[in-house]
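Please look over the sequence and the model below before reading on.

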Amino acid sequence: MERTDQHTYAEFFFTQEFAYHNNFHRRQENIKRKFSRMVNSTCSFNVNTTPTINDRAILNVTQKTVPTEAMILLSLGPKFSLPYTTLLQVPVFHLIADVENILSTARDHETANQTRAQIVNMIQNYINRTKRVSNTDSLTQFCKKAISSTRQFIKNNPDVLIMEADKGNRTVIMDLQDYNMKMGSLVEDTTIYEEIKRDPTTKYQKDNNNIVRRLLDLKLIDNRTRYKLTNNAAVCPRIYGQPKAHKPGLPLRPVVPNVTAPTYELSKYIANILQKAFSSSFNIKDSYAFCEYVNGLQVPPDHLIVSFDVISLFTNVPIDLVRQGIISMWTDIKKHTNINLDFFIEIVEFCVDASYFCFRGKFYHQKFGTAMGSPLSPILADIVLENLMLWAARTANIPPELIKKYVDDTFIILHKNQIETTLHTFNRYNTHLQFTCEIEKDNKLAFLDTMVIRTENNTLKTDWYAKPISSGRLLNFYSFHPYDQKIGVASNFIDRVRAFSKVKTKHEQDQLILQRLQENNYPKPLINRLLHRQPPLPQPVPALSSPTTTDTEPIQYRSIPYVHTLSSMISKTLQNNIPSIRVTTRSTNTNQKLYPNPKDPVPQSHKYNIVYEIPCQNCRSCYVGMTTNSLQKRLSGHQSTINSLDNKLQQGHQYHEPEIQHLKGRTALVEHCIDHQHRFDLTNTRIVDHTFKRSTLPILEMCHIATNPHTINRRTDTDNLNRSYSNIIHTLRKPVRDLPQTSHSNNNIPSSLDVQ
């Protein structure tokens, strides 16, 4: 056989073998994903339909008339994901930054490069498609109109707030004046809060870092933990109130998010130690565990089922009871830490004492209880309540197995003549911790999201239950979320109804599920398929690996912004090419962004983990930088460099002299000042991007530098941005028609082709 024939035959054989194996692989994948295809075929949007309003999900206590489209949009909830109506809204830079952060975990550089090339192609195709084709389906057009209507309503009514209720999953529209009055009465409660003259953030931050330094000096933590617990960019927490829509008068529940507080990471560290050491005789994990406990339980005829609820738990936890609780369980705690008892209590007391916030420009210190929003508060409250119930069970002679607790709700089986005495026993443990009591009515008692029912033979059974105030709102089917997340929400709801409903027939359960899911715009064919799906098969227990088997890489969980049709392809590619990665998506364009912020605004100078832009006073040039510290601290560094330059000039030095020329090596900002004798307007610094992921900040900065034709940053500032992104950067690059002739040399502009 001639060589050409051999080559042709070999090529034909390889092609046939490849086709056979490829088709076999496809058949296997099709079988595995049969249900997914079936669901996805049902999940495609019907372009002729739009969301319907959920009247129960909206509570308007103002005299304002809200436009119909705005009412529909607000009734869908804060987590309803909106479409990106323009290419500028798509978080391309954050996608790139998150992808690069994930690819940095790959051990094989060739795999990382191939994965990056595939993802770059996906992003570029998405950009080209978005620029070429506009969304004209009715759902997108409705969202555009509703967004515009909502924004216009908020703009025309600055005295209105839109907030989520404390319970019931409802959206409340209330007057700003009414909100401020109710919050003012809360923070002026001198038994819990006290006003302080100035912001104590700097003091608490210094004390926090001193404690961390002591832990390191005593070799109780390593350098990595020290870096995590040290805080150099703390911001005073902002308090806000959640309306209690289920109570008359619409009172507010105070919430103090502590994410920006000086002690946040230290509190998380201590809370983790306590969580590992804590074990409860009364706690139940969730509603599933409660149903497993209750169903089939026999209640004596002369006993009743009751529920005790703590009034304002977190703000009423005494620190002395916290101290006693830690001492009583120290034997268990010391198994999880090398910190001695005295130092541990000192840290806990410091974290509790450092509860403070600001409201309408005034600063307040919480002098009693723990803050609702601190990561340490739940476990401290759990420890205190555990000791309370152990004491009350002994005092009232109640077997511990008849008491179950979830956070501050307690389920107890008591003799009918023992209820008042037991409630009094609970309430006399501490004057600050007071309980209310709810007794079964008509042989029924609501607890969590179940209704506990006593049957004729005094056996307990449960039924799925939603409170009358509940809006029935789930993640709406028309939300621009991934299909699998919406299917997961629907499936989870079905599983809960099935697990909790022990008194309803399957037909009654199906009717309840169908009604609730249809209220959230889930199509009936999809609901029917989910109702009749086969339960997943139990997974086999993996065999223990032999000593000679190499351990697999630990699974890492990462997230990327969700962009319709794009993010799912990217996450699938990452997971296929890097087996140790599990990628999920996060929605960044939700209804929550439309709501007016009830909290005090954070000054721009206090923000951190940001990309900023400083304009030049003498031309249209700008400097783009990033900082993980506060913007104020970073700008003071720039100002210090400029002051050094000005001092040299005042001393009589000229721009061309070495004493000034050597300053050019500090930053591109001062280099522009020296080369062009310009100055930058630090007071007009603008924040162009921000992130909570510190590791992605350098990539975001490089993206903004590379797409800004006015920047004076050096090319070295974008050296770590891979060349694969050049076309994307070129596509997103801002127009250069306004670029001034005298701003700077073209060599300093990072061209997309020069990006490494």
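Predicted model: local features only at pLDDT ≥ 70, side-chain atom pairs only at ≥ 80, totals over all residues.

## A three-stranded sheet

Three strands form an open sheet in the order β19-β18-β20, and their pairing is antiparallel. The edges are taken by β19 (622–627) and β20 (686–690), each of which pairs on one side only, while the twist from one strand to the next averages 25°.

Between β18, which covers residues 610–615, and β19 there are six bridges, and these two strands run antiparallel. Within this part of the sheet, Val 611 stands opposite Met 626 of β19.

## Helices across the sheet

Helix α21, formed by residues 631–650, lies across β18, β19 and β20, and its direction makes an angle of about 40° with β18. Helix α24, formed by residues 697–706, also lies across β18, β19 and β20, in this case running at about 170° to β19.

## Nonpolar cores

The largest nonpolar core comprises 62 residues, and those with the most contacts inside it are Leu 274, Ile 333, Phe 344, Ile 347, Val 348 and Leu 376. Helix α15 (residues 377–396) supplies the largest share of this core, with 11 residues. Leaving aside residues up to four places away in sequence, Leu 274 touches Met 329, Ile 333, Phe 344, Leu 376, Ile 379, Leu 380 and Ile 383.

Another core, of 41 residues, lies apart from the largest one, and among its members are Ala 106, Leu 574, Ile 581 and Cys 703.

Conventions:
Residues numbered from 1 in each chain as written. Heavy atoms only, no water. Pairing = 2+ DSSP bridges. Helix = DSSP H or I, 4+ residues; strand = E, 2+ residues; numbered from the N terminus. Axes fitted to C-alpha atoms, helices over the stretch in contact; angles between N-to-C directions. Contact = heavy atoms within 4.5 Å. Core = buried A, V, L, I, M, F, W, Y, C linked by side-chain atoms within 4.5 Å. Buried < 20%, exposed > 50% of the residue type's maximum accessible area, 1.4 Å probe, protein only.
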